[in-house]
Protein chains: 2
Amino acid sequence: MRKITYGGAVSLDGFLAGPNEEIDWLHFSKDVQEVMKEYWKDVDAVLMGRKTYEFAAAQHRGAKKPKSPPKKDSKTKERKVPVVHTYVFSRTLKEIDDPNYELVREHAVQFVRDLKQRPGKEICLMGGGELAQTLIGADLVDEVGLNIHPILLGSGIPTFRDPRHRVKLTLKECRQMDGGCILAKYQVVRTK
Amino acid sequence: MRKITYGGAVSLDGFLAGPNEEIDWLHFSKDVQEVMKEYWKDVDAVLMGRKTYEFAAAQHRGAKKPKSPPKKDSKTKERKVPVVHTYVFSRTLKEIDDPNYELVREHAVQFVRDLKQRPGKEICLMGGGELAQTLIGADLVDEVGLNIHPILLGSGIPTFRDPRHRVKLTLKECRQMDGGCILAKYQVVRTK
């Protein structure tokens with residue numbers, strides 16, 4: 001069965017972004033790039049909710065029209081990111097005009113349960129917590145990987161929302177990263 | 001100036017205790033005991049809010065009348081905990097009938113600012129986040145130490161509440177502990 005991982009860069013107080021979606025505090029060091037490169041090798045599908053999609057689309061538009069010139073070789077790196085199929089879960093969006101995205105209007109739990117059974121590589125669950133809450137709550141997430149940044153944001157977009165039951169984890173990897181970040185990878189302990 | 005440290009055992013989603021103050025998920029291993037023993041050597045004062053005081057008092061009453069016999073040598077270890085002076089911050093409590101506790105009814109920020117200037121050893125800020133929020137917000141906390149447990153509780157008593165501004169930290173120590181816990185110690189980056 002395909003593995004679903006959830007996570008990302010988080011503040012020590014558990015936010016994926018600040019109250020106004022700020023991500024200026026992210027420390028994108030060389031060792032993070034290596035971890036991400038390794039990770040994306042095994043991924044061919046991404047799951048996200050509407051809000052994350054809109055945030056990512058806004059970021060992408062911003063990236064296309066940079067106010068300052070891009071850093072040396074940043075374009076080359078961008079091209080290296082493999083194309084993955086992205087499923088956007090929303091009941092309000094009518095359509096997404098981009099062949100890389102597939103709008104899913106049916107219930108996420110059943111859809112993802114089926115998707116895990118289909119042939120394919122790993123699945124990356126991205127996001128701002130609401131879809132993750134649903135899928136963690138339904139016991140469909142297999143791994144959690146966080147890059148814990150040395151900052152308290154105070155408020156913002158939470159990484160974890162209440163899945164309505166305790167979720168036990170097994171620590172698989174823990175290491176200090178550049179900039180005082182901590183990479184922590186966990187496996188979800190199956191309850192059934 | 002005396003150092004104030006804040007922290008404790010936390011779930012990966014940032015709770016000090018569950019929604020009904022549950023702490024049954026705590027993994028109190030030998031290496032945690034050693035870390036605590038080292039830590040308490042340098043501490044002679046504790047700060048806590050009313051809720052933490054009441055929680056600690058209830059735990060203490062429970063510990064005095066154990067339903068099951070105490071584990072071998074747990075009593076000996078309890079006796080080894082050094083006596084510290086505890087300041088309880090509350091505007092609603094009338095008095096505390098215990099010479100080890102001092103009720104502080106004045107504003108916490110000014111009191112703690114003065115306390116830091118007085119001679120003495122390190123100060124431990126314990127708690128459920130509200131007093132910590134005030135003192136972190138007032139830039140009075142020097143270090144944060146967390147023992148991050150491999151569990152999502154979903155809800156409960158948050159470790160961090162919004163200090164109304166970003167707080168930058170420097171990672172001083174990070175190591176894997178028994179039971180898949182991560183010990184992470186940070187120094188607060190002074191803003192002034």
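Guide: Begin with pairing: two strands pair if DSSP finds at least two bridges between them. This is a predicted model. In it, strand S7 (residues 143–149) of chain A and strand S11 (residues 182–188) of chain A run antiparallel and are joined by six bridges.

Visitor: Which residue in S11(A) is the bridge partner of A:Asn147?

Guide: A:Leu183 is the partner of A:Asn147.

Visitor: How many strands form the open sheet, and in what order?

Guide: There are nine, with mixed pairing, in the order S5(A)-S4(A)-S3(A)-S6(A)-S1(A)-S7(A)-S11(A)-S10(A)-S8(B). The edges are strand S5 (101–104) of chain A and strand S8 (151–152) of chain B; each has a single partner strand, so one side of each lacks a neighbour in the sheet.

Visitor: Which strands does H5(A) lie across?

Guide: H5(A) lies across S1, S3, S4, S6 and S10 of chain A, and runs at about 110° to S3(A).

Visitor: At what angle do helix H4 and helix H5 of chain A pack?

Guide: Angles of 65 to 115 degrees count as roughly perpendicular. Helix H4 (residues 108–117) and helix H5 (residues 130–137) of chain A pack at about 65°, their axes 10 Å apart. H4(A) and H5(A) are therefore roughly perpendicular to each other. The crossing of H4(A) past H5(A) is right-handed.

Visitor: Which residues meet in the contact of H4(A) with H5(A)?

Guide: From H4(A) come A:Ala108, A:Val109 and A:Val112; from H5(A) come A:Leu131, A:Thr134 and A:Leu135. Five residues of this contact are nonpolar, one is polar and none is charged.

Technical notes. Residues numbered from 1 in each chain as written. Chains lettered and ligands numbered in written order. Predicted model: local features only at pLDDT ≥ 70, side-chain atom pairs only at ≥ 80, totals over all residues. Axes fitted to C-alpha atoms, helices over the stretch in contact; angles between N-to-C directions. Helix = DSSP H or I, 4+ residues; strand = E, 2+ residues; numbered from the N terminus. Parallel < 35°, antiparallel > 145°, perpendicular 65-115°, else oblique. Left-handed = near helix turned anticlockwise from the far one by under 90°. Contact = placed C-beta atoms within 7 Å. Nonpolar A, V, L, I, M, F, W, Y, C, P; charged D, E, K, R; others polar.
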